[in-house]
Structures are given as C-alpha cells and as structure tokens.
Amino acid sequence: MAALQFPSTIFKTQKWMDDYSASDMRCGDLTEAQLKSRYRLDYISDRVDPWTLTRRSSMDRPQSMFCCNLRRAGEKITRQQCAAMLFDEFRSLSRKFSLYGPYSHLIEKMITHMQNGNDTPFRDMSLDRALKEQIIRDSSEKNSTRILLSKALKTGIDWESKHFPAEKQDRLRKAILEGRLPKFDRFQDNFNGMGITVHDTWATHITIKSLHIENDRYRAVVHYKVQDHFGLDSDDITKTKFNQFHFFRIWFVLQRYNQFGFKPFMTNMEATVEIIGARNEI
C-alpha cells in the first residue's frame, strides 16, 4: 500500500477561508430607518446620538426623569467625531467581557483594528497561544480532535512498513468529524476576552505536517489554521442576549449604518501541536 505523503491537509470545514461574502462581513448596507424599525436601534449610546450627530448628557438616558423633556439641544458634532466617540465607548464597554487573563487586552486591540485597519486581516501571537492552549488542554475523549486523531493514527499506521497508508487518509478526516473543533465558548471565555473576540469560529483547516514512526512509536506534527470573522450579522443583533447590550448595538451601527460602514475583518489563528503515541498503548 502506498504511503500517505506529508504535509497532508486532512480536514477542511465546508465554510471557506477568506469568505468575504458571508453575512457578517457586510458593512454600510443599512439606513437609519432600517436600523430603527427592523432592529429597534433607536437608542445606541449614552455619549452621543448618531442619528442627529449630537452629544448626549446623563439626562438623555432612558432611565433619566428628564429624558424626552423639552430642553436645550445637545452640542452638534461631525460624523467623524461621532464615530470616534462611539469607538471610545465601544472599547470602554468591552472591558466587562474581558476581566482578566493574558487575552483580556485583545478585544480593545481588535476594536481599534476595526476603526483603523480598513478590513485587513488580524493576527496576534496571543490568539495563536490561546488556540494552542485550547487544543492541548482539551482532554475529552469524545470531543478532542487531538485525542481522536491520535487514536486514528495508532490504528491506521502500518507498523511493519512504518508508514500511514494513503488509502486510509479518510479515517483521519472522520476522526476529526467525530470531535469538536476548537472554539471559545467555555464558561471562562465569557470573562477572559476570548468569548468576545472569537467565540465560535468560521473555518478550520488541519494539516499533518510530518509523521515519524520508529520502535513502535509515532510522532506527528499537526497544524491547525483557524479563521473567524470580527463582524455581526442580522441574526446576531436580533437575539436578545446581544441586542440588550450597548456594546453590540454600537458595534452593529458602526459596521452596518450607511453613514459609517466600518469594515469587519478576518481573524486568523494558527497553532502547531505534537501528537505522540505508541503501538501498544491502551
């Protein structure tokens, strides 16, 4: 039987990498009337009114006894000033989702990238570290793609010929399908910054870069390439768990309002892990 040649990409999600046509990558496509009627986004910010381009005071807030009473109109500002103030509030509100840990700085960095990056992809070593940590620490026999791949390698290797048969490659893909691809929706991700920056993921490619077999042992080097979209679609903002927070209301308006149209972007993460095992291990 012919040996599988490496590097070999053994798994790709159905969703594509670099899919700029995805619904959460749209920007600047909605009018004020649509945002207000379809998404109930009348009140967006405690600091500024993006519809009238005026500053707000504490008396403007819906809970204020002075709200909606006749009083002097707020100070007029430019659209650029309004956007800058919304981005400052966006960053400030993000802190409740990133309270602690080595990834807590990422959300503010990514918001600033949305403000200034003009849709260029985002990479950060902290994201790569978070992905690698998630893969290595997932010890679930049922869900861990790393553990499931380890079992498929052990049972599929031709130990006498010291190679993995090419005709058994599909076993590796099926092993990954049985598990759960890396994502950041654990309880701790609600507070450590990863749930708000990535949470679920869009596309994943898994490649075995090399496989070394000797003395009834094997060592595989496996590369994970993961991509997410830093953007919101209509389904996101219509969910109560998102719509109730000014954080997401501001995000949606900055991205989708035709007077702003700040571009969402691709978030790229990569991690390389070693999988080591033996022919006779249980």
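In which handedness of crossing does helix 2 pass helix 3? The crossing is right-handed, a term used when the near helix is turned clockwise from the far one by less than a right angle, with anticlockwise giving left-handed.

This is a predicted model, in which local features need pLDDT of at least 70 and side-chain atom pairs count only at pLDDT 80 or more, while totals for chains, interfaces and linings use all residues. Residues are numbered from 1 along each chain as its sequence is written, and side-chain values use heavy atoms, with hydrogens and water left out.

Helices here are DSSP runs of H or I with at least four residues, and strands are runs of E with at least two, numbered from the N terminus.

On the helix 2 side, the contact (heavy atoms within 4.5 Å) is made by Ala84, Phe87, Phe90, Arg91 and Ser94. Helix 3 contributes Ile107, Glu108, Ile111, Thr112, Met114 and Gln115. By class, 6 of the contact residues are nonpolar, 3 polar and 2 charged.

Rings of Phe, Tyr and Trp (its six-membered ring) pair if their centres lie within 6.5 Å; planes under 30 degrees apart are stacked, over 60 edge-to-face, and the rest tilted.

| Pair | Centre to centre | Angle between planes | Type |
|---|---|---|---|
| Phe247 and Trp251 | 5.8 Å | 85° | edge-to-face |
| Phe248 and Trp251 | 6.2 Å | 15° | stacked |

Phe247 and Trp251 both lie in helix 10 (residues 246-256), 4 residues apart. Phe248 and Trp251 are 3 residues apart in helix 10, about one turn of the helix. Buried means under 20% relative accessible area, exposed over 50%, and partly exposed in between (1.4 Å probe, protein chains only). Phe247 is buried at 2%, Phe248 at 6% and Trp251 at 4%.

**Backbone features**

Phe6 and Pro7 are joined by a cis peptide bond, with omega about 0°. Pro7 sits in the segment before strand 1 (8-12).

Asn118, not a glycine, has a positive phi of about 50°, and is found in the loop between helix 3 and helix 4 (125-137). Lys162 also has a positive phi, of about 55°. Lys162 lies in the loop between helix 5 (145-156) and helix 6 (169-178) and is partly exposed, with a relative accessible area of 48%.

Note on methods:
Nonpolar A, V, L, I, M, F, W, Y, C, P; charged D, E, K, R; others polar.
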